[in-house]
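Subject: Structure for your review

Dear colleague,

Please find the structure below, followed by an account of what was found in it. I would be grateful if you would read the two side by side.

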Amino acid sequence: MALNTTRRGFMLRGMLGGGAVALGLPFLDCFLDDNGEAIAATLGGGRLPVRFGTWFWGTGVIPDRWAPTKAGAGYDLPPQLAALADVQQHVSVLSGFSVPLDGQANSPHFSGNIAVRTGTPAEGWQKIIAPSLDVLIADAIGGGSVFRAIDVTPDGNPRTSYSFRDGNAMNAAIPTPLEMYQKLFGADFQDPNAADFKPDPRYMVRKSVLSGVTDERRKLMQRIGAADRVRVDQYFTSVREVEQKLAMQLEKPARAESCRIPEKPADVPASTDIVKRSAAHKVMADMLAMALACNQTKVFNLTYSTALSDLRRDGSATGVHQSTHEELTDRKLGYQPTVDVFVTQTMAAWTDFVRAMASVKEGDGTLLDNMLVFAHSDVSFGKNHDVNGLPMMLAGRAGGKVKSGVHIKNGGDPVTRVGLTLQQVMGVSADSWGTGATRTNRTLSEILV
Amino acid sequence: MFMEKPFTRCVQAVSALAIAFASLGAAPQDGEVTTPAAEAPAATPLLRRLTEAQYRASIADIFGEDIKVAGRFEPDLRVQGLLAAGASAVSVTPGGFEQYETMARSIADQVVDPAHRDRLIGCGPTSADPSGRACATAFFQRIGLRLYRRPLGPSEIALALANAEKARTLLGGDFYKGVGAALAGMLSGIEFIFQIENDVADPTKPGARTLDAWSRASRLSYLLWNSTPDPELLTAARSGALMTDSGLAAQTDRLMRSPRFMNGARAFFDDYLRLEDLNNVTKDGLIYPGFRAGATADAREQTLRMLSDLLITKSGDFRDIFTSREIPMDGMLSPLYRLPVGRQDWTTVQFSDDAPRAGILTQIAFLAGHSHPGRSSPTLRGKAILEILLCEEVPAPPANVNFTVVQDVSNPQYLTTRQRVQAHLDDEECASCHKRMDPMGLALEKFDGAGQFRAQENGVPIDTTGAIDGVKFDGAIQLGQALRDNPKVKSCLVETAFRYAVGRQLASSDDAMLGRLNARFVQSGYRVPDLIRTIATSPDYYQVRRATAKATRVAQAGPRSEGHF
Amino acid sequence: MDVGFARIGPTAIAAVAGAILGNGGALAAETRSFVIGPIYMPSVEVDAQSCPMKPKSAIQAFFDSLPPEEQAKYSDGDKARGLGALMAKTYGFKRGPADDTLTKENIAERRAKSGFPAGKGAISSYPQRHLAYDLCTNPDDFPQLSAGHQDYLGKIGYGINLDGKVDKHDLVGVDGEPGVDNAWYQAVGCANIARSLGDPKVGDNVIVSRQIPTLIEVTGIDNDQDDDEVTVNVYASARALDLNAVGKALAWASFAPVADPHYTASVKGRIVKGVLMTDSFDVNLRMQESIIDSSRELRGARIQATMTPEGIEGGIYGYQTLASLEDAYAQASTIGSDMISCPAEIKALRAHADGYKDPKTRRYSAISVALRFKAVPAFIVHHPAATAKVASK
């Protein structure tokens, strides 16, 4: 494999010195307090965890019909954002941020998205040089809950994910509501509000057999190449994460007042039809809200549709992706009508998501108040894969650390300003993010409290 | 005590982690000259993650067909078109490991349960050995050899025994539960989940390195049977026979004579033609009501059966895959082909000489696999032919594709797909790539997005003329003939087979081997078993390069060129 | 066969080919086969004139016969369920134990064993196969429950003129044809079930007898628009109908016919302006649907149906034997007693019967009916081994 020195720069950052070539060492939960809270919310004086998540949809929007014109609070809702009317106070819109490609090719549906997620655009999976920001945030705050992070998609395909440590280590998504239920509320689920708790020795046993240092493993590390060493490290890091999860099962979970165990969902096959997709999405959103409320995780990624968006309508020969490229702009309307419908319905699904989070009471407010959700797409205008003015939104107030309901109307700054802000809010120690033209140290003061 | 004080736990956790990582070796950093290791670090990848099929087959072979393996495997990664190549690029993510751990426990629980333990363990605690240590030792040695595909070292045995004993204590003294827990640990181990290769000095070439006997056994077995080495192959490894040409040839021939060779061949064909992608193919039920749930799985099976029959069972000419009129058929697919069948399960039918179908390009797996849910796509089909069959990389389309001549499906001027995609060829920038892809795909336009035949589109007859590399064709049969005669198709197959066998991207040092394989393939009359045998018995197949060699041929791989069509 | 925009029938092509090849243009005649999905007795919309009174169900008739004090006990929802049991008790209905081995051959012996009156009782199959004696197996024993019947008095109905005569009591067809013979509809057209399941909006989309569908084979087609001689074969299928991706009958599947002469029939016909019309023939159509395992035995039947690229759809018209109709009722046993009255309907059917007078009893043994059906293209495979080499698209 090609030796990639730019990747090494990022690898070194996480080193323990000496022998360990470790990527983003897991944040040891022993440094957390008894309740496993990394960042305490100040909302209502309670100490509630702050969660982070991403919500992704593919093929962008029709910018003229999506981006508000008025900046600040009380922004206008253009037609494609009309669905947000009831939840507008929770949602901030970030328009006008762009991806400077700095001479790189604009790999369609890819480069821009990688820049948003990792801080630097890349032309291919093998050229990605940094982990996605959700992974960095999970490293910082993921401990203390059963899962460091949860990746889900309603589209039925486990490869639908933009969460990764590197281009070869994509975190597969749970692709159906039923599997999501089985993972989050299945056999290993421990009700945090259960009256009595008895640690199950089987968790101790499971944990104890997972890692062990043998002569063979030592010799292995010495004789394999650098690329293989990275992979072995990733394997052991994953083992470590599961061990920590098992260790948590041995302790009485902290009470979670808003935790209610959801109903097991029906086993409905996944569909590319947008109506059916939105229905499956809603089930997953509601379940995710409970997973967060029950402290199953504090970090999540939900991919509503892939970057290339396989969404379509039953009975239609053409899906949204093809429509973005091939549909004529209607002369009277001034835009592509089919694309418009798909974007509008996607924004309605986003609204479902926001509502699901806002409907769970927690502390003096709601679950959404104690969350920060980052919604974005891979392009702005699907037709020409434009990565200027990438559509991005935030929902929630991160426990009081950010304002919501604000439109930031930017004039072309790199998207990394957003990612940097998110990381800082969530406790990742980073004073700058990105490389080359995307490098920035400026956060979004408009939303910081 | 399970409830440890947080601080103590913290100290222990940190120390454990530090020890674990530090003791994994003072790994030399890139570019540094170091001395501790005996050899320079390997330049070729030495770890390959088992695919889902390989994992399942291995468990079945080691513990029996009735052991259930349930769980979701981490998706395999396709690198330059092959999952086998991705095996040497991937690791295991936390979500993925969670699944492996769950599966490992489930398998181990079955192995030690009363229904299986007599057959699979065959001993237990006795009055002379109340802790069962002797039994456990024998079991771990025997099973460890199968799981790790090499003998366990003393520290590995010691670890397994310690784990078993600790578990037994925690679980109330049950010997089998203890063994089961340790076994689950081994099944979760990197040594099982990955093929880990080890190299030794090459006795035939001073200064060179070659895979040791255990690694050879592993490679041979996963290549030829897509599963773990059987006891006889392990014996051949232990005796050193696999380090000799004759020993290697004998085992290769044994494995290839076995009916199990079909599994290995099918796994190769499946990866070569990227048939796993069919799992994600859906068709619009309103537009193609004949394409039922289960059609993609049967279509995959159909193509695999056809290739196996033709190329392995009959040891036929590889080129015939483009022109053969014989096709396996079942009741799920026959309506799509509009063919009568005398039975619903698999049978073989023959297209008549005037039928419009022959060869793999006219099979549903290819046609429906490279189409949209509701319509055909000459570009997707043309691209598949270029990438899969001609080994030509298609660059990603430019980001700001110029669609000023917009194609409109309902435009009365554009009644056929050919008319609609004409804009690809009218625009110079688009044509540079599309003129290689679209004509071949357009030759297949008499088959709709579900692979069903149609003579017309919107009332207009379909024009299926085109050319590739100067060879003209009209329709699918002639396209098949053109590909049959195209030299790149053969060399692409050879290259793909070799990449599949080595499970990694190619390096410039592979050129000589490829040259020999190509020559041999032609000589043999394009016989695939011969090609596989040549690979398996070539010393070059087992060579391992160390870091002082030149950098590998850098992958040109762009993003998965999913494109805008 | 299409060439450009003009429709040129095979005969014309044959003539051209013949001129070129000089062989007189003999083209192999075509066979088109189909498998039936929906098949049912269609009904028209009724109104106060055509059905002045709603026919009474058996339960209703029984309820009406009770003294007021008894009626009060069963006047609302939950309590009404007890009516069925009371009716059974009052009239001495019998129900034998579940017995999978019951057949028409051993029924006499089983009746005796189960204490059924001699010659009474029939095989019913819900929820398990058992002997039953009740108002549907032996309607003549329960004339009291046949009160409140309403004949269909309307003038319009589906069907064709089967007897060649235009009688006063004949119906007028839905397309205006006079002399339509559909006495079945006149007998039971006002009943709920006939109305709901017979509505084409419903019936056209409900697959009937899916486990044993009917196959239609049209052979000797020289011209699919106008052909003065074709042969139509009708079979029962040995294999169940497949459903396509949207739950309708799957086109182009392959079926083998059941080798039972009772369910095999053949008749000559012609195609006129695209409509297939057969001569008169006897045909028995297999009918296995939920609780009924029976057959529609038709005498003097004709098929009139249109072939399209989607398949063939139209009607089968003829005289269904009362025996086969009554067999279906008997199998239903008391199911549906709250919607219809078996004694009432069977009595009406017998009264309206208009075909095939039995010389001994001097009574009509069959009644004119109209069936509507839709079929999709299929392959009928008579010789499984021969399909290995085929011409295909």
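Where in chain B does B:Asn486 lie? B:Asn486 is in the loop between helix 20 and helix 21 of chain B; helices here are DSSP runs of H or I of at least four residues and strands are runs of E of at least two, numbered from the N terminus.

Please note that this is a predicted model, in which local features need pLDDT of at least 70 and side-chain atom pairs count only at pLDDT 80 or more, while totals for chains, interfaces and linings use all residues. Residues are numbered from 1 along each chain as its sequence is written, chains are lettered from A and ligands numbered from 1 in the order in which they are written, and side-chain values use heavy atoms, with hydrogens and water left out.

B:Asn486 counts as buried because its relative accessibility is 6% (buried means under 20% relative accessible area, exposed over 50%, partly exposed in between, with a 1.4 Å probe and protein chains only). Leaving aside residues up to four places away in sequence, B:Asn486 touches B:Leu390 and B:Asp469 (contact means heavy atoms within 4.5 Å). In helix 20 (residues 476-485) of chain B, the buried residues include B:Ala476, B:Leu479 and B:Arg484. Among the elements that cover the buried residues of helix 20 of chain B are helix 17 (378-389), helix 19 (428-443) and helix 21 (487-502) of chain B.

**Chain B overall**

Chain B has 23 helices and 11 strands. Of its 565 residues, 60% count as buried.

**Two helix pairs**

Helix 6 (residues 133-148) and helix 8 (residues 175-187), both of chain B, pack at about 25° with their axes 11 Å apart; axes are lines fitted to C-alpha atoms, for helices over the stretch in contact, and angles run from 0 to 180 degrees between N-to-C directions. The two helices are therefore roughly parallel (under 35 degrees; over 145 is roughly antiparallel, 65 to 115 roughly perpendicular and the rest oblique). The residues of this contact divide into 13 nonpolar, 1 polar and no charged (Ala, Val, Leu, Ile, Met, Phe, Trp, Tyr, Cys and Pro count as nonpolar, Asp, Glu, Lys and Arg as charged, and the others, Gly among them, as polar).

Between the chains, helix 6 (residues 201-208) of chain A and helix 7 (residues 154-170) of chain B pack at about 175°, with axes 9 Å apart, so that they are roughly antiparallel.

Yours sincerely
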